[in-house]
Amino acid sequence: MLLVRNRKTKLVLKNRLRAIVKLLWKRRWSLFALAVVAVFLFGLWLVNLRDQIEFAEYVPSHLFEDRKGRFLSESDGDRLGYWDVETGANTRMQACILAIEDHRFWQHQGIDLRALFRAFANNLSGQSRQGASTIAMQVARMQKPGERSYFRKIGEMFIARGLTQSFGREAVLNQYLRIVPMGNRIHGVSYAARRYFHKPLQDLSWAESALLASLPKAPGTMNLYQRQGRELARARARIVLGRVLEMGWIDKDAYQYALDHLNYLEIPIRETRPFHSMHAIFRLQQQADQQNIKRNKPIRASLDLDLQAKVDEWANDTVVSYRGQGAGNVALIVMDIQSNHVLAYVGSSFYDDTNHAGSINYANLKRSTGSTIKPFIFASALASKTIRANEILPDLPLHIVHPSGHYSVSNYDDDYLGPLIVRRALANSRNIPAVEVLKRLGLAYLFEEIRGLGLVEQSDRPERYGLGLAIGGLYCSLEQLLPAYAALGQDGRFAPLIWFTDDRVNKQQVIDTNAARQVTLFLSDPQARLPSFPRMGPLEYPFPVAVKTGTSQGFRDAWCVAYSDKYVVGAWLGDKDWLKMNRVGGLAAAGLVHKVMSHLHPQESRGIQTVPFKIADDHEAVTVCGWTGLRATSRCGSNMTEYFEEGSQPVPMCGAHVDVAIDRQNGQQAESWTPAERVVVRESLALPPEYAVWADRRHLAPPPQSQIGVPIVRLAVQTPTSGSRVFMDPEIPRRFQSLALRAEVEPRVPQIEWWVDGELFSRSSYPYEARWPILTGQHVIVAKLPHAFAASEPVSIFVD
């Protein structure tokens, strides 16, 4: 019976098999087509997988530290790290990773078959699931993440084997160590070592390496910045160390020490960007990108966070104290003058201050430079021999007709100091002498000089600025001004700002050495700043410091730059909308600079270790009269010590200080018939005739009249300037509008005549000034000597 049943079963199976064969045969072409499609799709899949047999490229992220290794910033974005791992950088880290992730890594070709079978059997038995992914398979998955499946696992196996065969095991391991997730957006063990332990990878201990090796299992759960996450990571790290011991990669003593170390191992708190360094950090990131700095290690910035915190506080206090006068924000930079390292950088008082546009970096914003450009004008003029150190420059009302335009120049205090030696003209920051020097020097010449200092762009042209460049027409940033001033303090050698400690300065000679030294001496002389800047103010230091302030038109910008033999400090105050401040000028910025500079020189501020500025090489010191620039005599009361090259020293002695007999009844020069009891002898300053009006308004005794019967007189119209175009003010009645007529007369004469359009207009005695009621149209003005054939060159003006 059993035999019959078996025969029937076999017959049924045979019949079913035949039916299946017949069905397959009938549909053989369909099946063949399906097979072809399946093979084709499988081939495409393999081709796609083959294209993935390569190491994905990742852009490493920045990690900035200050000059002492303290955290500044890291890159923005969802992912951090991806730093390369040097071969043999840390065998402990590799041992821990391999022990817990793939201990047969060096034996297989990217696929561990034993681990696969074990995981397959384990998963079928219903126990906790295992993946059996090798290091190479994990690299494949991390480079192209997606949902996990058996089909995807097969693809990872194919890619893993291809990676291992194509690039080798060591390259695969390095790629894994470079991209493995370590929590808190961090990828790669090198970056993790720096962020979690503040160490390079090669300095990690066994306990630290095991703790990092535990993170890839669950980087989000094992967050080392959270207590629970740290405990989970410590528990897995003990397993890691146990595996390392089993593999024989650590001895028992080192293993026990690592376990003990793991128990008390502390993770530093998560560091964040210092609030006072936001603009500095953004500039560092920008500069690092421009320089294409390698990102596989911390980038050591030149900033000093201790100094940064102090100067930020002082800068904020300063701008707050001037807010009532219209100052909206502040910028400040501290630079090492030798290395050009940026030690502190404040771009605004507070980055998140929306009321005063704190997010604008005012240290990198071009603003009107005011008088801060003047030292470079004088340095260029001295270097080119356009002026000499003892030259006298007139600080008088000035109107210039120039190819670049018409200029009426005045000083910030609407006053005039008359004859000024070069040192005093620069130290007092007078506008008119600076414009006059620039006119003589030439815009094109100066432009090439300041182009080398980075103060103008290569595409800029001098015609764009004109003579106004000397008094605020040039727009620069604090970043541009500081290295230019550093060049003055470094014998004319220029280099841009240096942001990173690994960068080396390469200074180029831009300014003549002797000219740079002379200008430095001018700027560091507190006596030369009188009377514009009183003694013992924010411009004066107990050690050698060269200082220059600047105030733009309408008090919109207040500048100060100072440098010693060690540092350069620059500050700016102003408003985000370029609004006028209420007389907040360069002295306000100078107060902030003084505080910073004094802090940087604790010993020098107490009179210890002071270093004087250098004098020009092979130059001889000569005492000259401050009024005439000639060698001083015992009668000269305003003397200066200037330095001259051998053979160029002034030879004539000053003879401008003379005694004049004055009639005390009328204040005029006494005549031969003046009674003796009415004669008083006063010292007179015999200045050139162009200073007559200025000297008269300061009640200086007039120069003696010529005693020659018919003297040879030189007359010249000082103002207005020939070719001038004068505009009448429509808001003032015409009868109240007039033009000053001034003449230079040498020697002094009792009287001159003013002729306008061929008609006598007025007679004027010393100082030969008159006011002419202006009329529209073309006019010719001449100064004449009465009853003599002596006249000035005619001056033609046009009145609109």
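Residues are numbered from 1 along each chain as its sequence is written, and side-chain values use heavy atoms, with hydrogens and water left out. Because the model is predicted, local features need pLDDT of at least 70 and side-chain atom pairs count only at pLDDT 80 or more, while totals for chains, interfaces and linings use all residues.

**Overall make-up**

The chain has 21 helices and 30 strands; both are DSSP runs numbered from the N terminus, helices being H or I with at least four residues and strands being E with at least two. Of the 800 residues in the chain, 52% are buried. Here buried means under 20% relative accessible area, exposed means over 50%, and partly exposed lies in between, with a 1.4 Å probe and protein chains only. The accessible surface of the chain is about 38,900 Å², and carbon and sulfur atoms hold 53% of that surface. Accessible areas come from the Shrake-Rupley method with a 1.4 Å probe; for residues, only the protein chains shown count as cover. A contact is a pair of heavy atoms within 4.5 Å. Among contacts in the chain with a separation of 6 or more, 67% are between residues 24 or more positions apart.

**Salt bridges**

Side chains of opposite charge can pair when their charged atoms come close. A salt bridge is counted where a side-chain nitrogen of Lys or Arg is within 4 Å of a carboxyl oxygen of Asp or Glu. The count for this model is 34 salt bridges. The table gives examples.

| Pair | N to O distance |
|---|---|
| Arg-70 and Asp-66 | 2.8 Å |
| Glu-448 and Arg-451 | 3.3 Å |
| Arg-742 and Glu-769 | 2.9 Å |

The bridge between Glu-448 and Arg-451 is set within helix α17 (residues 443–452), where the two residues are 3 residues apart, about one turn of the helix. Glu-448 is partly exposed at 48% relative accessible area, whereas Arg-451 is buried at 11%.

Arg-742 forms a salt bridge with Glu-769. Arg-742 belongs to strand β25 (residues 738–746) and Glu-769 to strand β28 (residues 769–773), so this pair ties together parts that are 27 residues apart in sequence. Arg-742 is buried, with 14% relative accessibility, and Glu-769 is partly exposed, with 25%.

A network of salt bridges with shared partners joins Asp-66, Lys-68, Arg-70, Asp-304 and Asp-306. Within it, Arg-70 and Asp-66 are bridged through their side chains. Asp-66 is buried at 0% relative accessibility, and Arg-70 is partly exposed at 28%.

**Backbone features**

Most residues other than glycine have a negative phi, and most peptide bonds are trans. The residues below depart from one or other pattern.

The peptide bond from Thr-719 to Pro-720 is cis, with omega near 0°. Pro-720 sits in the loop between β23 (714–719) and β24 (725–726). The bond from Glu-746 to Pro-747 is also cis, with omega near -5°, and Pro-747 is in the loop between β25 and β26 (752–756).

Ala-357 has a positive phi, near 50°. Its place is the loop between β7 (342–346) and β8 (367–368), and Ala-357 is buried at 14% relative accessibility. Tyr-768 has a positive phi near 65° and lies in the loop between β27 (759–764) and β28. Tyr-768 is buried, with a relative accessibility of 1%.
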